[in-house]
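Dear colleague,

I am handing this structure over to you, and I would be grateful if you could look through it before reading on. My notes on what was found follow below.

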Amino acid sequence: MTTNQILQESSYNFGHLPPEHSRLSEARVVVAPVPYEATTSYRTGTKDGPAALLRASWQVELYDEELDSYPYELGIATLEEMPIERTSYSRPIEQTRELTATILDAGKWPMIIGGEHSLSQGCFEAALERYPNLSILHFDAHGDLRDTYEGSPYSHACVMHRAADAGIPIVQVGIRNISREEIEWLRREKPPIKIFWARQFFSATPPSPAEVIAPLGNPVWITIDLDAFDPSEMPAVGTPEPGGLGWYQVLDILREVFQQRQVVGCDVVELSPVPGQNYSEFMAARLVYRIIGYYGKFQKPTGKSELKSAVGAS
Ligand SMILES: [Mn+2]
């Protein structure tokens, strides 16, 4: 696909923003919905996550009370849903790599919304090609460190193993359910992965945000599986796990990484809407908007401004 085919603006944009704040040619942030679902192993529905999140974003107030700012003034463009090509398990990951690469090369900041976690591999690959010193900050209830799952190396349960294979240092936050295979692999191979277990944050001496960020190199990609949050706050995920992190605990870590590192992009995955219960998608939309706010407040623009010629005025 060409750049112009990939960068198709959606009229149904994040935040219900007027054209002057959502036009691709001027926006610093690009929200890219990837409704991919193939290997989800428990409750299905992540393919409906991006549309639900975008719908909920229309209810989000555009003033950010924590940052005392108006993050939408950065310009937030929203793309059409990525058309998933189901020719193989690896093809949608390749498509997501192409999508993320195109956004990065246009000088924009990618916010990829899923969809199941396996798509994040495409994000990591695109970022790593451009930033060889990339680290990953990974929020999740699960390690996602299996080598293969149900016969596939491209499963959501393997996505962080693939990142480790690529030599990317990883900090995992909120983990509380992990397999014997993963633990034995960690002990045997000693990959550059630092785990902050969910229960540590509820101990007498919880890790500080600075301690969580410390093992990360620079720059950083952030991947957020929404099941890192406690299911009492975020029930609409495919595999809910007890004992998760709270809203403010996650925000404290996110704020710290945006203050201490260059963050080159983010994906938010595994929203699996529950009909009649719209709280989760609203929280996911608030999270996305807060992250965009942190980006705007704490990060410098990439400096690339050839985007108008790259993507065409619209
Ligand atoms: Mn998970």
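Predicted model: local features only at pLDDT ≥ 70, side-chain atom pairs only at ≥ 80, totals over all residues.

Residues are numbered from 1 along each chain as its sequence is written, and side-chain values use heavy atoms, with hydrogens and water left out.

The metal site

The protein donors of the manganese ion are Asp-140 (OD), His-142 (ND1), Asp-225 (OD) and Asp-227 (OD), and they lie 2.2 to 2.4 Å from the ion. Donors here are N, O and S atoms within 2.8 Å of the metal (3.2 Å for Na, K and Ca), and since water is not among the atoms, sites may look incomplete. Asp-140 lies in the loop between E4 and helix H6 (159-165) and Asp-225 in strand E7, so the pair ties together parts that are 85 residues apart in sequence. Helices (H or I, at least four residues) and strands (E, at least two) are DSSP runs, numbered from the N terminus. Asp-140 counts as buried because its relative accessibility is 0%, and Asp-225 counts as buried at 3%; buried means under 20% relative accessible area, exposed over 50%, and partly exposed in between (1.4 Å probe, protein chains only).

The sheet

Eight strands form an open sheet in the order E2-E1-E3-E8-E7-E4-E5-E6, with parallel pairing. Its edge strands are E2 (76-78) and E6 (193-197), each of which pairs on one side only. Two strands pair if DSSP finds at least two bridges between them.

Two buried strand residues

Thr-223 is found in strand E7 (residues 220-225), and it counts as buried because its relative accessibility is 0%. Its side chain makes a polar contact of 3.4 Å with that of Ser-120 and a polar contact of 2.6 Å with that of Asp-267. A polar contact is a pair of N or O atoms within 3.5 Å; within protein, one must be able to donate a hydrogen and the other to accept it, and residues adjacent in sequence count only if both atoms are side-chain atoms.

Val-269 lies in strand E8 (residues 263-269) and is likewise buried, with a relative accessible area of 0%. Not counting residues up to four places away in sequence, Val-269 touches residues including Gly-114, Gly-115, Ser-120, Ile-224 and Asp-225, where contact means heavy atoms within 4.5 Å.

The nonpolar cores

The largest nonpolar core has 55 residues, of which Leu-137, Phe-139, Ile-222, Ile-224, Leu-226 and Leu-254 touch the most other members. The largest share of this core, ten residues, comes from helix H10 (residues 279-298). Apart from it lies another core, of 37 residues, among them Ile-6, Leu-7, Cys-123 and Val-159. A nonpolar core is a set of buried Ala, Val, Leu, Ile, Met, Phe, Trp, Tyr and Cys residues joined through side-chain atoms within 4.5 Å.

Backbone points to check

Most residues other than glycine have a negative phi, and most peptide bonds are trans. Against that background, a cis peptide bond joins Gly-114 and Gly-115, with omega about 15°, and Gly-115 is found in the loop between strand E3 (109-114) and helix H5 (120-130). Another cis peptide bond joins Asn-218 and Pro-219, with omega about 0°, and Pro-219 has its place in the loop between helix H8 (209-213) and E7.

His-16, although not a glycine, has a positive phi near 55°; His-16 lies in the loop between helix H1 (3-6) and helix H2 (19-22) and is partly exposed, with a relative accessible area of 47%. Glu-150 also has a positive phi, of about 50°, without being a glycine; Glu-150 is found in the loop between E4 and H6 and is exposed, with a relative accessible area of 64%.

With best regards
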